[in-house]
Amino acid sequence: MSSEQASTRSDWSDVKRVLVIVAHPDDADFICGGTCIQMAEQGIAVTYMVLTNGDKGNHNPEVTRNQLIAMRKIEQRAAATLCGIQEVLFMGEEDGFLRPKRAIRKRVTREIRRIRPELIICTNPDRYFVGDGYINHPDHRNAGLIAIEAIFPAADNPMFYPDLADEGYHPHKIKYLYVHGHDQADVKIDITTLIDQKIAAILCHDSQFVDPVAAEKRWREMWGEKSEDGTVRYYESFKLMKFG
Ligand SMILES: [Zn+2]
């Protein structure tokens with residue numbers, strides 16, 4: 001899969017398993033929902049790993065923290081099912097305080113070694129600002145950092161975590177990394193035919209939207225790109241890293 005090929009078509013012929021590592025319930029649906037639907041349709045096993053429990057994402061004072069955590073799991077599972085994603089891992093870190101500490105790096109490394117994905121999707125650890133009106137959530141940056149620090153140098157190095165090998169989780173090297181939110185994105189996946197399905201998955205996260213109708217309208221305006229023939233097309237973009 002060269003970046004040139006990937007930019008024009010979704011060639012994942014040497015990809016059987018994909019792991020998506022994100023901070024919050026709903027992040028995967030926003031950043032790569034359409035891409036993951038396409039992958040699942042091609043028979044690729046996609047796993048979502050949600051690092052935090054999402055316990056700060058609430059505007060309703062009547063919902064307790066534990067209720068919210070439970071709701072968000074249900075919502076994320078429903079969204080994943082809609083996209084053909086079979087496995088969702090909830091790592092349970094506290095929302096809003098995600099940090100690249102040793103314990104979480106080891107837990108993520110264990111899952112990489114267990115799942116053995118050829119491709120991982122993560123967020124850009126360097127992205128502090130989005131446009132001119134949004135400070136990127138620190139959990140999004142730290143989720144990216146946790147992901148890349150688990151991929152390298154931990155996941156494929158037998159000197160890291162020999163006890164994991166004793167448990168049967170042997171070193172594993174991924175082939176590709178898609179980084180979301182990168183200025184030098186070189187993979188652009190056309191998800192136009194899947195935009196309705198992507199939005200339906202996002203809207204499974206009921207707890208997150210006070211006015212889902214207005215939100216959907218805004219997303220369609222924000223994400224749509226006018227093509228030369230005048231039609232509106234939708235894309236998901238990533239920076240591709242390849243590891244030989
Ligand atoms: Zn988020």
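The model is predicted: local features need pLDDT of at least 70, side-chain atom pairs count only at pLDDT 80 or more, and totals for chains, interfaces and linings use all residues. Residues are numbered from 1 along each chain as its sequence is written, and side-chain values use heavy atoms, with hydrogens and water left out.

Start at the zinc ion. H24 (ND1), D27 (OD) and H140 (NE2) coordinate the zinc ion at 2.0 to 2.2 Å. Donors here are N, O and S atoms within 2.8 Å of the metal (3.2 Å for Na, K and Ca); water is not among the atoms, so sites may look incomplete. Along the sequence, the donor residues follow the spacing H-x2-D-x112-H. H24 sits in the loop between β1 (17-22) and α2 (27-41), and H140 sits in helix α5 (residues 138-155), so the pair ties together parts that are 116 residues apart in sequence. Helices (H or I, at least four residues) and strands (E, at least two) are DSSP runs, numbered from the N terminus.

H24 counts as buried because its relative accessibility is 6%. H140 is buried too, with a relative accessible area of 16%. Buried means under 20% relative accessible area, exposed over 50%, and partly exposed in between (1.4 Å probe, protein chains only).

Now turn to helix α3 (residues 65-83). With 19 residues at 1.5 Å a residue, α3 should span 27 Å, and its end C-alpha atoms are 27 Å apart, which agrees. The expected span is 1.5 Å times one less than the number of residues. Which residues of α3 are buried? They are L68, I69, R72, E75, Q76, A79, A80 and C83. These residues cover an arc of only 130° around the axis, which puts them on the same side of α3. The arc is that of the directions from the helix axis to the C-beta atoms. On the other side of α3, N66, I74 and T81 are exposed. L68 has a relative accessible area of 1%, so it is buried. The C-alpha atoms of L68 and N53 are separated by 8.8 Å, and the two residues are 15 residues apart along the chain.

Next come the charged pairs. The structure holds 18 salt bridges. A salt bridge is a side-chain nitrogen of Lys or Arg within 4 Å of a carboxyl oxygen of Asp or Glu. One of them joins R65 to D55, with the closest N and O atoms 2.6 Å apart. R65 lies in helix α3 and D55 in the loop between β2 (45-52) and α3, so the pair ties together parts that are 10 residues apart in sequence. R65 is partly exposed at 45% relative accessibility, whereas D55 is buried at 8%. A network of salt bridges links D55, K56, R65 and E94.

Another salt bridge pairs D186 with K239, at 3.7 Å between the closest N and O atoms. D186 lies in the loop between β7 (176-180) and β8 (187-190) and K239 in strand β11 (residues 235-242), so this pair ties together parts that are 53 residues apart in sequence.

Y128, F129 and I135 make a nonpolar surface patch of about 380 Å². Y128 is in the loop between β4 (119-123) and β5 (129-130). Its relative accessibility is 44%, so Y128 counts as partly exposed.

Terms used. Patch = residues over 30% accessible without salt bridge, like charges linked within 9 Å, V, L, I, M, F, W, Y side chains within 5 Å. Areas by Shrake-Rupley, 256 points an atom, 1.4 Å probe, with all protein chains shown as cover.
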